[in-house]
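Please examine the model shown below. The questions that follow concern helix packing, the domains and a ligand.

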Amino acid sequence: MKANLKHGKFPLESVKINICGSKSESNRLLILQAQFPNITIDNLSESDDTAVLQKGLKVNNGIVDVHHAGTAMRFLTAYYSAKPNAEITLTGSQRMQERPIRILVDALKTLGADIQYLKNEGFPPLKIKGKKLQKNEVSIKADVSSQYISALMLVAPILPNGLKISLKGKTTSVPYIEMTLSLLKNIEVVGDFTNNEIVIPLAEQIKNTAVTVESDWSSASYFYSLVALSEDCKITLGSFLEESFQGDSALVQIYDSLGVRTVFSTSEKSISLSKKNIELPDSLMLDLSNTPDLAQTIAVTCFGLGLGCRLTGLHTLKIKETDRLSALKNELEKLGATIQIDENSLSLEMASEIISNKTIETYQDHRMAMAFAPLAVKTELTILDAEVVSKSYPNFWKDIQKVGVACVLDDSSN
Ligand SMILES: O=C(O)C1=C[C@@H](OP(=O)(O)O)[C@@H](O)[C@H](O)C1
Ligand SMILES: C=C(OP(=O)(O)O)C(=O)O
């Protein structure tokens, strides 16, 4: 399916959008709920990544296919490893079979897990025979993906002596580890993360706990970009909190410098985004190692505004849904950008025009589609394989139509 985005009627409509619950929080809570059934969850993510995890949790013996869902792959690897009598073949899409998992598998094996590689060493698919893991200490490389660490933390409370995790190297995506710690604390499993050591205690049982998932800040980023690129508009998004477990709430500060004001309503649990008239910097410098999922949105916003940017801390982008650095370079260049990338950074030069009527490829990456869509405020463009958005945000196209972006979905080819 293609999304044809017209250079529509702007300013955008002042409307309220309800983005569904965070997929990161939802996927953690579902693993915890499978281990402690007296947790109830409200505002669960509607994403494909959450649906595949939820479906996988119902299987005890057989094949589980998580498609493109990184968190589902990593969290379920730990979950089944620690589940006595489970016998699972855990697989995923072609891309998932290229996303490394050895660091997590080695850590779980140190704890006593029985995991085999079914195709390529170090990559899914995996054969997992679950058992009671007895050890309570492990050390793990922390500079590749925080998901490996969150996966261990999520099963830690059911290990007989809890778990002490020593982190090696410079820890990446730290707010996601803190999110795991906070959600554990919410169910009264009080762990500690100090310096390079995480300690999670055993929890034999927990009290009945009802958790409401906050909406997804990464999904909110596309509305920040729309507001930044528009002449004038106000968009209200529910349900968001000033005190968030999600590191991507850093959007508030980042887009403040790109001319977007955020007002929190505590009573409505919502945020209103509006345009601030400020003088924009010529260029933006940001280290995104804490918020890797915002990189594409920010790069595209800067391009659309004619600003330069230098984004660093992007070393994890190469092993996500696609090599996001190369994908950004290819597609921004089509639109006239001058952009350089290396292993962990991206530099974009100021641009004076956007070439219109271009077709953007999405590389099976939801964030490529959603990051480029706000450019419709500036120019006409087509986005290929538009259905990829369902990985995290199935209602994305409906919601951007609601704010007034003229978007026609075309199923006829591609
Ligand atoms: O734990 C999580 O929910 C996530 C952690 C991050 O991955 P890395 O730690 O691999 O950077 C992030 O990019 C991903 O979308 C979700
Ligand atoms: C990287 C992402 O997801 P995952 O790693 O869970 O596939 C993402 O949603 O941007």
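Q: Is the crossing of H3 and H4 left-handed or right-handed?
A: In this predicted model, local features need pLDDT of at least 70, side-chain atom pairs count only at pLDDT 80 or more, and totals for chains, interfaces and linings use all residues. Residues are numbered from 1 along each chain as its sequence is written, while chains are lettered from A and ligands numbered from 1 in the order in which they are written. A crossing is left-handed if the near helix is turned anticlockwise from the far one by less than a right angle, and right-handed if clockwise. For H3 and H4 the crossing is right-handed.

Q: At what angle do helix H3 and helix H4 pack?
A: Helices are DSSP runs (H or I, at least four residues), numbered from the N terminus. Axes are lines fitted to C-alpha atoms over the stretch in contact, with angles from 0 to 180 degrees between N-to-C directions. The axes of H3 (residues 70-81) and H4 (residues 102-110) lie 11 Å apart, and the packing angle is about 15 degrees. H3 is therefore roughly parallel to H4 (angles under 35 degrees), the angle being about 15 degrees.

Q: Which residues in H4 meet H3?
A: Contact requires C-beta atoms, placed from the backbone, within 7 Å. H3 contributes Arg74, Thr77, Ala78 and Ser81, and H4 contributes Leu104, Val105 and Leu108.

Q: Which residues surround ligand 2?
A: The shell draws at least three residues from each of domain 1 (2-21 + 214-410) and domain 2 (23-212), bounds that come from an automatic or database domain assignment. With a C-beta atom, placed from the backbone, within 6 Å as the criterion, the surrounding residues are His68, Ala69, Gly70, Thr71, Asp293, Lys320, Glu321, Arg367 and Ser392.

Notes: Helices (H or I, at least four residues) and strands (E, at least two) are DSSP runs, numbered from the N terminus. Angles under 35 degrees count as roughly parallel, over 145 as roughly antiparallel, 65 to 115 as roughly perpendicular and the rest as oblique. Two residues are in contact if their C-beta atoms, placed from the backbone, lie within 7 Å.
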